[in-house]
Structures are given as C-alpha cells and as structure tokens.
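This report concerns strand pairing, helix geometry and aromatic contacts in one protein model. The sequence and coordinates are shown first.

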Amino acid sequence: MSLLAPSHLKSVFLGGKIDIGASNPVTRAGFWRKNVECKESRIGKQPIAVPANVAIAMEGQDLKVKGPLGELAITYPREVIVEKQESGFLRVRKAVETRRANQMHGLFRTLTDNMVVGVSKGFEKKLQLVGVGYRATVEGKDLVLSLGFSHPVRMAVPDDLQVKVEENTKVTVSGRDKSVVGQFAASIRSWRPPEPYKGKGVRYVDEVVRRKEGKAGKKK
C-alpha cells in the first residue's frame with residue numbers, strides 16, 4: 001500500500017509546486033505597545049540656589065553664568081528647559097514626557113548646578129606623589145613631573161586652570177569647570193597610577209589603594 005502526498009504538498013525537488021493558496025490567508029500580526037510612565041528625577045526636580053555674586057543670562061535654550069571666577073555657558077537639548085523663579089532659584093524642567101527627557105532632566109540639572117558653583121567657589125582636585133625621587137614642580141605654564149622615567153614628564157596647564165605644588169609631592173588642580181579640573185587631574189594620575197604592592201605612584205589624596213601581598217620567600 002503506497003501513500004501519496006497531496007498535490008499541494010509535493011516537493012519542488014520532485015518537480016511539483018508548493019501550493020500556498022489562498023485557503024489559509026496570512027493575517028497581519030498586531031503588536032500591543034505598553035506606555036512607559038517616566039517618573040520625575042529626584043535630582044532634576046531640586047531647585048538650584050544662585051548666589052548674589054552670580055549673574056544669569058538666558059536666551060532660548062542657551063544659559064550663561066558669570067561670577068567672580070569667570071563665565072560658563074551651556075546649551076540645553078529640546079527635552080528640557082530652564083526657568084528662573086521670582087525667588088532667585090533656577091529650576092530645570094522637562095519639556096516632554098519621554099524616557100530621554102527623564103535622563104536629560106537629572107543630568108542637566110547637575111551640570112547647571114556645577115556651573116553656578118564653579119563660577120562662584122570653584123572646584124579643586126588634590127593629588128599626592130608617593131615614591132622615592134617622585135616630585136613635581138611648576139615651570140611657567142607647565143607642570144613638570146619626575147616619576148621614575150628616563151625623562152621628566154612635562155604637561156601644559158590649560159589657561160582656565162591653576163596648578164599649585166606643595167612640598168614637591170602635593171599637587172592641587174583648581175578651576176571653574178568641574179569636568180576640565182577632573183580631566184586634567186586624571187591625566188596626571190594616568191602617568192603613574194598607584195601600584196598595589198608598595199603603593200608607589202600618583203594618587204588622589206582621598207583615594208584608597210588596595211594593597212596586595214608580595215610573593216613569599218621560600219621557607220627553609
């Protein structure tokens with residue numbers, strides 16, 4: 001007894017045609033999209049206090065902050081807006097209710113607060129050189145580091161930063177822009193990061209270096 005497959009299921013390798021006729025039409029699948037509710041950022045909704053010696057200038061999505069230490073400017077994305085209240089506080093708000101707007105809300109509130117603090121008080125990073133013969137000096141607009149290489153490391157100090165060296169091993173980087181201060185301090189540290197065995201290298205003053213135990217000698 002032989003079983004014959006229906007004609008519409010014959011394989012194309014046997015010379016037949018596959019029937020995908022209209023008896024079972026393919027319907028378009030529908031997708032259900034869930035609306036994502038974006039909560040307001042706890043950081044973004046906090047007001048920003050503006051000291052009396054800081055001037056604020058707003059024009060569209062641009063904000064300029066001027067204080068005793070200089071001037072900084074920022075351009076906001078279209079997802080957020082900044083408002084100056086009658087009480088003198090600055091407040092960053094979301095212009096639309098999207099996930100990206102929620103992310104930008106907290107970020108640009110922090111950036112705005114850093115600008116106000118930067119032009120009024122400034123920021124600083126302190127580093128310490130640990131190691132025999134390690135020392136630092138300021139020569140003109142250059143920071144010169146002796147870190148055990150065959151040659152001294154010379155770094156040009158940006159115009160908007162101030163670098164001070166104390167006791168030949170303590171370096172203080174200060175300025176009005178927090179990101180520039182942090183980046184330059186990180187560049188100094190990158191020349192000789194602290195190693196875990198003896199702790200030699202360039203470290204932040206408040207940095208905790210995890211130490212490792214060296215190889216133990218052979219027991220007799």
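The text below treats the sheet and helix, then the other strand pairs, and lastly the aromatic rings.

The model is predicted; local features need pLDDT of at least 70, side-chain atom pairs count only at pLDDT 80 or more, and totals for chains, interfaces and linings use all residues. Residues are numbered from 1 along each chain as its sequence is written, and side-chain values use heavy atoms, with hydrogens and water left out.

## Sheet and helix

Helices (H or I, at least four residues) and strands (E, at least two) are DSSP runs, numbered from the N terminus. Two strands are taken to pair if DSSP finds at least two bridges between them. An open sheet is formed by three strands in the order β1-β2-β3, with antiparallel pairing. Its edge strands, β1 (55–59) and β3, each pair on one side only. From one strand to the next, the twist averages 15°. Five bridges connect β1 with β2 (residues 62–67) in the antiparallel sense, and A55 stands opposite K66 in β2.

Helix α1 lies across β2 and β3 and runs at about 170° to β3. Contact here means heavy atoms within 4.5 Å; axes are lines fitted to C-alpha atoms, for helices over the stretch in contact, and angles run from 0 to 180 degrees between N-to-C directions. The expected span of a helix is 1.5 Å times one less than its number of residues. For the 22 residues of α1 (residues 99–120) this should give 32 Å, which agrees with the 33 Å between the end C-alpha atoms. Just after α1, G122 adopts a positive phi of about 90°.

## Strands β6, β10 and β11

Strand β11 (residues 170–175) runs antiparallel to β6 (residues 123–130), to which six bridges join it. Strand β10 (residues 161–166) also pairs with β11 in the antiparallel sense, over six bridges. V171 in β11 stands opposite L127, and V171 is also the bridge partner of V165. The hairpin of β10 and β11 has three residues between the strands, and E167 in this hairpin takes a positive phi near 60°.

## Aromatic rings

Rings of Phe, Tyr and Trp (its six-membered ring) pair if their centres lie within 6.5 Å; planes under 30 degrees apart count as stacked, over 60 as edge-to-face and the rest as tilted. The structure holds two such pairs, listed here.

| Pair | Centre to centre | Angle between planes | Class |
|---|---|---|---|
| Y76 and F108 | 5.7 Å | 45° | tilted |
| F149 and W191 | 6.5 Å | 70° | edge-to-face |

Y76 lies in the loop between β3 (70–75) and β4 (80–84), and F108 in helix α1, so their pair ties together parts that are 32 residues apart in sequence. Buried means under 20% relative accessible area, exposed over 50%, and partly exposed in between (1.4 Å probe, protein chains only). Y76 counts as buried because its relative accessibility is 4%; F108 is buried at 11%.

F149 belongs to the loop between β8 (142–146) and β9 (153–156), and W191 to the loop between α2 (178–190) and β12 (201–204), so this pair ties together parts that are 42 residues apart in sequence. F149 is partly exposed, at 33% relative accessible area, and W191 is partly exposed at 41%.

A charge sits over a ring if NZ of Lys or CZ of Arg is within 6 Å of the ring centre and within 35 degrees of the ring normal. R192 lies over the face of F149, at 4.4 Å from the ring centre. K125 lies over the face of Y204, at 5.0 Å from the ring centre.
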